[in-house]
Amino acid sequence: MNDKLIILDTTLRDGEQAPGIALTPDDKVAIATQLAKLKVDIIEAGFAASSPGDFKSVARIAAEVKGPVIASLARTHPDDIDQAADALKAAESKRIHLFMSTSKIHMEQMLRMTPSDVLRSVVEGVTRAKRYVDDVEFSPQDATRSDPDFIVEVCRAAVAAGATTINIPDTVGFAMPEDFVELLTRVYQDVRQGNEEIIISTHCHNDLGLAVANSLSAIHAGARQIEGAINGIGERAGNTSTEEIIMALTTRADHFGVEIGADTTEIFETSRLVSSLTGYPVQYNKAVVGRNAFAHESGIHQHGVLRNRETYEIMDPESVGQHSTLVLGKHSGRAAFADALVKLGIKLEDEDFQRSFSRFKELADRKGEISEEGLRAIVASETDTPTAAMTLVSFEVVGGSTRPPVATVVLDRDGTETTASAEGDGMINAAFVALQDAFGIVGSLADYRVEPLNSGADAMAKVNVILQVGSSTYSGQGVSTDVVEGSARAIVSALNKATFDRGAIDGA
Ligand code: KIV
Ligand code: ZN
């Protein structure tokens, strides 16, 4: 029997550290629920002590998501560890993941700690975490730029204090596969020292595009846990992509000789959900989940695939959950819409179904046909809004190239309409100012992205925005055949979240 390789997914912790991502606790629970369907072994749900929002997300995932072990990251500070333990209280199986930098540059410039301070803090941290949980992971941050002798010393001390997983992070994506194998071999031999209870793990960043290659290379050096994030999101150039690891290990099981528990057929849905909730599009040629991953353009390739799929495909699209594309038209009714949602694995409550169906009809009337991607985008934008929300009743922008545009918006909340008009230095700016007036909230657009959902002059677009209000950020998305209207809808969605958040803070 092959060895088991553990997949730790950190989409909700390291992945969420990518610039411009602002997931709400509801978004995080939705992603964690999907990760449980994908059957990853461990979900790193967040960094509980980093913010009240992160604490709440970890606590909700710990209480609501069953199956995988739920982990929280923590520094070796006592308060971080106590908060991680508190947030994880309700989890069936839990892990505290401690980290501390071990490279000279981090210790001297960032932490202002000596190596012996670091060593002491790691031992104290692991000892404290063990009071709460059996399962403690320790990571020497910036390991690939640290002195290997010091890593071995610190990791041995962590193991002696009770850590059972030693994770070697290539924090800045600096390692080459050969260096990484050498370091992992050293850790495997000198830290694990034949103790079968100790798991050696990898956590690779993608600054040089080597994260997946480095992670896989470590398997031959004895690593039996790989950390990654869906769609490879994360700090800077991102993390090891979880789905690429799963498919490499499945497709080349002959090469690696390790077993994983993942359900590959959930990959596509997981990637799509993460992309939709983070607003980070998946690059067209992305391995495994990109739009072109199974598309064949040249005549020779198409001919080959028609004769036998395996001439040019090493993976079956069905095995990663890709299925034939659905299209609905303007004559499709409620039953066809409901049937399409069932095929896409989308379940909606009555109110969400009604809102999504109405929006589908409006857009289908304008556009004729709505693709599967369009359907998903409509549902995502219509179900992204908290209760007690304002809805956009009408929207108009006049002016443009010869005089400054003026936007007029009408919004409804529980039958009461609010109208606002504003001039802006562009159509989207005018809409933004008018909508802020209507909501009584002042913020700025920290991020704005338009994603075409199909090609051609009559294309539909999905607009993703990140709204900054004070120190908080709120994401929103809108879909339309008109980019300005799609933008207004996305801004309304983000403003609704900000309103809801302020209400919750005020105790309303
Ligand atoms: O990249 C890194 O070093 C990390 C650690 C906290 C594991 O994310
Ligand atoms: Zn990281």
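A disulfide is taken here as a pair of cysteine sulfur atoms within 2.5 Å. By that criterion, a search of the whole structure finds zero disulfides. The model is predicted: local features need pLDDT of at least 70, side-chain atom pairs count only at pLDDT 80 or more, and totals for chains, interfaces and linings use all residues. Residues are numbered from 1 along each chain as its sequence is written, chains are lettered from A and ligands numbered from 1 in the order in which they are written, and side-chain values use heavy atoms, with hydrogens and water left out.

- Cys155 is in no disulfide, the nearest cysteine sulfur being that of Cys204, 15 Å away.
- Cys155 is buried (under 20% relative accessible area, where exposed is over 50% and partly exposed lies in between; 1.4 Å probe, protein chains only), with a value of 0%.
- Cys204 is buried as well, at 0% relative accessibility.

- Distant parts of the chain are linked by Asp14, in the loop between strand 2 (6-9) and helix 1 (25-38), and His203, in strand 8 (residues 199-204), 189 residues apart.
- Helices (H or I, at least four residues) and strands (E, at least two) are DSSP runs, numbered from the N terminus.
- Asp14 and His203 are both buried.

**Helix 9**
- Seven of the ten residues of helix 9 (residues 242-251) are buried, which leaves the helix mostly covered.
- The buried residues in helix 9 are Thr242, Glu243, Ile245, Ile246, Met247, Ala248 and Leu249.

**Cavity**
- There is one cavity of 30 Å³ or more, and the largest cavity holds about 80 Å³ of space.
- A cavity is a set of points, on a 1 Å grid over the protein atoms alone, where a 1.4 Å probe fits but cannot get out; lining residues have an atom within 4 Å of a point.
- Grid points are joined across faces, edges and corners, and the volume is the space filled by probe spheres set on the points.
- Helix 11 (267-278), strand 16 (444-452), strand 17 (461-469) and strand 18 (472-480) each contribute at least two residues to the lining of the largest cavity.

Notes. 1 Å grid on protein atoms, 1.4 Å probe; cavity = no way out; pocket = protein on both sides within 12 Å on 5 of 7 lines; lining within 4 Å.
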